[in-house]
Amino acid sequence: MTSRYRATEGANSPFPRRRTVVKAAAATAVLAGPLVAALPAGAATETPAFLHGVASGDPLPDGVLLWTRVTPTAEAVPGSGLGPDTEVSWTVATDKAFTNIVSRGSLTATAASDHTVKADIRGLAPATDYWFRFSAGGTDSPAARTRTAPAADATVTGLRFGVVTCANWEAGYFSSYRHLANRNDLDAWLHLGDYIYEYKSGEYAARGTVVRPHAPLNEIITLADYRTRHGRYKTDPDLQALHLKAPVIAIWDDHEFADNAWSGGAVNHTEGAEGTWTARQAAAKQAYFEWMPVRPAIAGTTYRRLRFGKLADLSLLDLRSFRSQQASSGSGSVDDPDRTITGRAQLDWLKAGLKASDTKWRLVGNSVMIAPFVIGSLTADLLKPLAKLLDLPQDGIGVNTDQWDGYTDDRRELLAHLRSNAIGNTVFLTGDIHMSWANDVPVDAGTYPLSPSAATEFVITSVTSDNLDDIVKVPEGTVSALAAPLIQVANRHVHWVDTDRHGYGVLDITADRAQMDYYVLSDRTSATATSSWERSYRTRSGTQKVERTYDPV
């Protein structure tokens, strides 16, 4: 396996909205009932089995987080609460044959953690490939590759990350994961949210058609439900293959909880009929941290920061746990300084980290789009007074108040901080809206391009979840041909948008530029879908602007 960090190490050395059609009323869910096993038929046996693969995540210069789930007995399916305590050992080596073992140990998998285990391995060398596996009852898991981050003071010449978001099981196959796994050149991969979806079967599929049913069939509400759904997703062979090839760095968005979640509820949650939001949110978070190789830096959240030598640091946001309830579209309350998408503590943490950063690039894992998106085009001298008169957002008529457009005071404060402190080379990496975008992030969208751009943003389309062409049920590319030019006329900071395709991104970073290559799938409903390069955009160091480039890395 060749190295993906092109590095010279330091002396201490030996990476429109996810759902525009909102339910008229939240469905009343079944609060209790039989669990549907999230396992292949007949897969479990009398001996322990690793049916959900293995994974690694959150790489550090000296360590990485390892994860697996053991099925100790046939009845111990995810969410069942059944099955005996089982000793699970882990082994880490520098080679796939495990002839040079550098770390080993054991943990106990119990029903209390849904028989998942996580080992936070330390004492490893920076910027190094390792192999690991788990064992239980004489059974070995598949061997997986992981990689540590470069040393904090390392001069790193390049990093390459896969980038994915919005993978809905019932809407298709996860071919994006397979194509990323086949590359063999990733230092890690970023999952920007909606790793799972919470809906009942058939409620949110592929143009209304279920490609493959998930489990449980009901909308997930209880801890057992969330565990079962995570378990179903982890049986996907393409997802397992990608977890075998590189560490993941993940944040959550809303569907790990419920559609359009905020700190006190969600659009897809009916208080009382579906229990309390407090209990549902707690269940979703517990299952997430059980089933994902994610290190919670602050208890109960996913905001944290990773560093990759002197080349880049990556600030990862939690934009669901602390946000105010979404405003109604077109409401002036989106400008209310008392409303927040980040929460005060997280915004202060982000600002301080960006200001203190001494790396070449400052990457921000950001689950919802930060660049403004407005309908219509008015000159600045008309737009702002009209907005004030009609109690509309001062940045324009926002379409999606679930994005940063619905929390403009937080956005203004963050962008002003970047400008006033001359913080350059900030790149937001975004998911959520099932479209691909390449954006400048202007300080004042109403006067752009006269207003400076404070940052850039690459938005990645969905792995499978419905796009605009899916919603209106027309051939792929139809809507985008009409909508993209209109969007760009009304939003001059948007260099490109594709509203219609599914796929993934590959982010490549050097000292000179950060480049996103956009890839699309031939057919999300085919388990053998092919992949093709669509476009590439980059931001060159010091510019804070996006430009098109004509070759993928």
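Which residue lies over the face of Phe-174? It is Arg-212, at 4.7 Å from the ring centre. The points below start from there; please keep in mind that this is a predicted model.

1. Phe-174 counts as buried because its relative accessibility is 0%, and Tyr-233 counts as buried because its relative accessibility is 0%.

2. **A second tilted pair.** Tyr-177 and Trp-189 are 5.8 Å apart centre to centre, with planes at 50 degrees. Tyr-177 is in helix 1 and Trp-189 in strand 12 (residues 188-191), 12 residues apart. The relative accessible area of Tyr-177 is 1%, so Tyr-177 is buried; Trp-189, at 0%, counts as buried too.

3. **The cluster.** Ring pairs connect Trp-169, Phe-174, Tyr-177, Trp-189 and Tyr-233 into one cluster. The structure holds 21 aromatic pairs.

4. **Another charge over a ring.** Lys-234 places its charged end over the ring of Trp-67, 5.0 Å from the centre of that ring.

5. Seven strands are arranged in the order 16-17-18-19-21-20-22, with mixed pairing. Strand 16 (304-308) and strand 22 (494-498) are at the edges; each has a single partner strand, so one side of each is left without a neighbour in the sheet. From one strand to the next, the twist averages 20 degrees.

6. **Inside the sheet.** Strand 18 (residues 361-366) pairs with strand 19 (residues 426-430) in the parallel sense, over 5 bridges. One detail to look up is Asn-366, whose bridge partner in strand 19 is Thr-430.

7. **Helices on the sheet.** Helix 7 (residues 408-420) lies across strand 19, strand 20 (436-442) and strand 21 (453-459), and runs at about 125 degrees to strand 21. Helix 9 (residues 478-490) packs on the sheet as well, touching strand 20 and strand 22, and its direction makes about 160 degrees with that of strand 22.

8. **The whole chain.** The protein chain has 9 helices and 26 strands. Of its 553 residues, 63% count as buried. The chain exposes about 18700 Å², and carbon and sulfur atoms supply 56% of that area.

Terms used. Residues numbered from 1 in each chain as written. Predicted model: local features only at pLDDT ≥ 70, side-chain atom pairs only at ≥ 80, totals over all residues. Heavy atoms only, no water. Pairing = 2+ DSSP bridges. Helix = DSSP H or I, 4+ residues; strand = E, 2+ residues; numbered from the N terminus. Axes fitted to C-alpha atoms, helices over the stretch in contact; angles between N-to-C directions. Contact = heavy atoms within 4.5 Å. Buried < 20%, exposed > 50% of the residue type's maximum accessible area, 1.4 Å probe, protein only. Areas by Shrake-Rupley, 256 points an atom, 1.4 Å probe, with all protein chains shown as cover. Phe/Tyr/Trp six-rings, centres within 6.5 Å; stacked < 30°, edge-to-face > 60°. Lys NZ or Arg CZ within 6 Å of the ring centre and 35° of its normal.
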